[in-house]
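Walk through this model step by step, with the coordinates open beside the text.

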Amino acid sequence: MHTVVPGTPAPTRRLVELNGIDIIKESERTAKPSDLFWPWFAANVSVFGMSYAAFVYGFGVSFWQGVLVAVVGVTISFLLCGIIAIAGKRGSVPTMVLSRSAFGVTGQRVPGIFSWLISIGWETFLAIMATLATATVFAELGWSSGTATKVIACAVIATLIVLASVAGYHTIIRMQSVLTWVTGLVTLGYIAITFSEIDLGAATALPAASNQALIGALVMVMTGFGLGWINIAADWSRYQKRDASGGAIVFWNTFGGAIAPVLLVCYGLALAGSNPELTDAIANDPIGTLATILPTWFLIPFWIAAVLALVSGAVLGIYSSGLTLLSLGIDIPRPAAALIDGVILTLGTIYVVFFAESFLAPFQSFLITLGVPIAAWAGILIADIMLRRRNYDEAALFDGRGRYGNWNWTSIGIMAVASIVGWGLVINNFADAAAWNNWQGYLLGPLGLGGREGDWAWANLGVLFSLVIGFVGYAVLQAGAVRRQEAEPVAPARDQSMVDGPVA
């Protein structure tokens, strides 16, 4: 295990962060809750948020139902991220290391594998969109948009993502604070220029869908936004000051992550509802399609901001996937872990851009499938955070002989049950494009929900059920274990301020 003994001196604010999954020492914990706004806002202000309107309309909902889905789904999903971010302050280590308190030091590798896979999937998806958007914008400009352009775009985008991720926390935070202004201003410009394209009468005339479809759209939005980031939420709060307010951490995480997507999805609903052709085209090239309604003079700023926003999101993903890789027991420096994931991202982007016929449908199928166990894990960790009244025993997070143990079979069992139930209550919405996923939905018939063809099949109830089962199961079955853990005395050699400090 690649760790650093607590209290070992470590350089601060170097160009390349040397901390991996080791405990952040007190002198380096200088961040304020408001600092969390920058990474979360910059990673989610992408115009890609507008394209989610097309996916929401895919459930057959009306404009106002879509607005409700956007506001509620995005906000709640990032609120859950904010709760998990509290653990970063309490434990001074990355998210997946913190979940050792609930799963055990070795048992954490079970959810860790799912976390690593979903992070790799997200960052690769963002790199793919940035590459395809480049080709589409270049085509609109009348420039070369063929294979050579895609190769160069892919290489440049992958290089930017990898370099920033290898540099680490401090460089990323500074980079995100700049990107926030660039992407935010250009996005406002996009809205101003395309506002004349909106026919609100046509958009609001769209018929309403059933409650089942509404829930399906809600779960899709939650999974695509906050739940897609939830497994890395504490990675950005582990540098918070020990006395930082937990409520402030939740607020700035939620506000920074949710404000841009809520506004962008709502605007996208008005735009796509006014032009059905946009909805259809977005399915194959989300960012590029949004560029087709722009005047030529604005294409270059739009392209730069869109690519930078996507790169911003991918950087957060690859940085955290590298930390997750270390938490699985890979004994290498953090920059090397980020580099490995960068190579995987590059290869995945090359395959999809140059060889795969379609990527969006398989990706969404993949997202829902992994979203089920990640939702179960999130429910368990949120319950663990809410049950605890003291900071984590940081040394015990690296020692299977400590209070958290090596394996917590109860938590692993809860996650397994929640996942089995969850997979049984979702279906593969893309049966033709991702036939390998057609095994899901096996509980919809036995539970009287209409089977795989019924109305509830499209509601993706499994994600919500998995989250709730994880939360309730852990809260009921492990409350006593948590109390016993917190009653154990702290080792005399430990700095008492690191254990009994404020946790609110």
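This is a predicted model: local features need pLDDT of at least 70, side-chain atom pairs count only at pLDDT 80 or more; totals for chains, interfaces and linings use all residues.

Helices α2 and α10 cross in a right-handed sense. On the α2 side, the contact is built from Tyr52, Phe55 and Val56, and α10 supplies Ala217, Met220, Val221 and Gly224. Sorted by class, this contact of α2 with α10 holds six nonpolar residues, one polar residue and no charged ones.

Now the geometry of that pair. Two packed helices are described by the angle between their axes and the distance between the axes. Helix α2 covers residues 48-57 and helix α10 covers residues 211-224; they pack at an angle of about 150°, and their axes are 9 Å apart. The two helices are therefore roughly antiparallel, since an angle over 145 degrees falls in that class.

Next, compare the pair α18 and α19. Helix α18 spans residues 409-424 and helix α19 spans residues 461-477. Their axes come within 8 Å and cross at roughly 155°. So α18 and α19 also run roughly antiparallel to each other. The handedness of their crossing is right-handed. By class, the contact of α18 with α19 counts six nonpolar, eight polar and no charged residues.

A third pair has another geometry. Helix α7 takes in residues 147-167, and helix α8 takes in residues 169-194. They pack at about 125°, with axes 6 Å apart. That angle makes α7 oblique to α8. Ala164, Ser165 and Ala167 of α7 meet Tyr169, Thr171, Ile172 and Met175 of α8. The contact of α7 with α8 divides into five nonpolar, two polar and no charged residues.

Step back to the whole chain. Along the principal axes, the C-alpha atoms fill a box of roughly 70 × 55 × 40 Å. Of the 504 residues, 62% count as buried. Consider also the contacts with a separation of 6 or more: residues 24 or more positions apart account for 85% of them.

Single residues come next. Look at asparagine 460, which sits in the loop between α18 and α19. Is asparagine 460 buried or exposed? Its relative accessibility is 1%, so asparagine 460 counts as buried. Leaving out residues up to four places away in sequence, asparagine 460 touches Phe59, Gly216, Val219, Ile368, Leu425, Val426, Ile427 and Asn429. The backbone of asparagine 460 deserves a look too. Its phi is near 50°, a positive value in a residue other than glycine.

Serine 92 also has a positive phi, about 65°, although it is not a glycine. Find serine 92 in the loop between α3 (63-91) and α4 (95-98). With a relative accessibility of 0%, serine 92 counts as buried.

Return to α10 for the last stop. Glutamine 212 is found in this helix. Its relative accessible area is 16%, so glutamine 212 is buried, the limit being under 20%. Which residues does glutamine 212 touch, not counting residues up to four places away in sequence? They are Asp455, Trp456 and Ala459.

Technical notes. Residues are numbered from 1 along each chain as its sequence is written. Side-chain values use heavy atoms; hydrogens and water are left out. Axes are lines fitted to C-alpha atoms, for helices over the stretch in contact, and angles run from 0 to 180 degrees between N-to-C directions. Helices (H or I, at least four residues) and strands (E, at least two) are DSSP runs, numbered from the N terminus. Angles under 35 degrees count as roughly parallel, over 145 as roughly antiparallel, 65 to 115 as roughly perpendicular and the rest as oblique. A crossing is left-handed if the near helix is turned anticlockwise from the far one by less than a right angle, and right-handed if clockwise. Ala, Val, Leu, Ile, Met, Phe, Trp, Tyr, Cys and Pro count as nonpolar, Asp, Glu, Lys and Arg as charged, and the others, Gly among them, as polar. Buried means under 20% relative accessible area, exposed over 50%, partly exposed in between (1.4 Å probe, protein chains only). Contact means heavy atoms within 4.5 Å.
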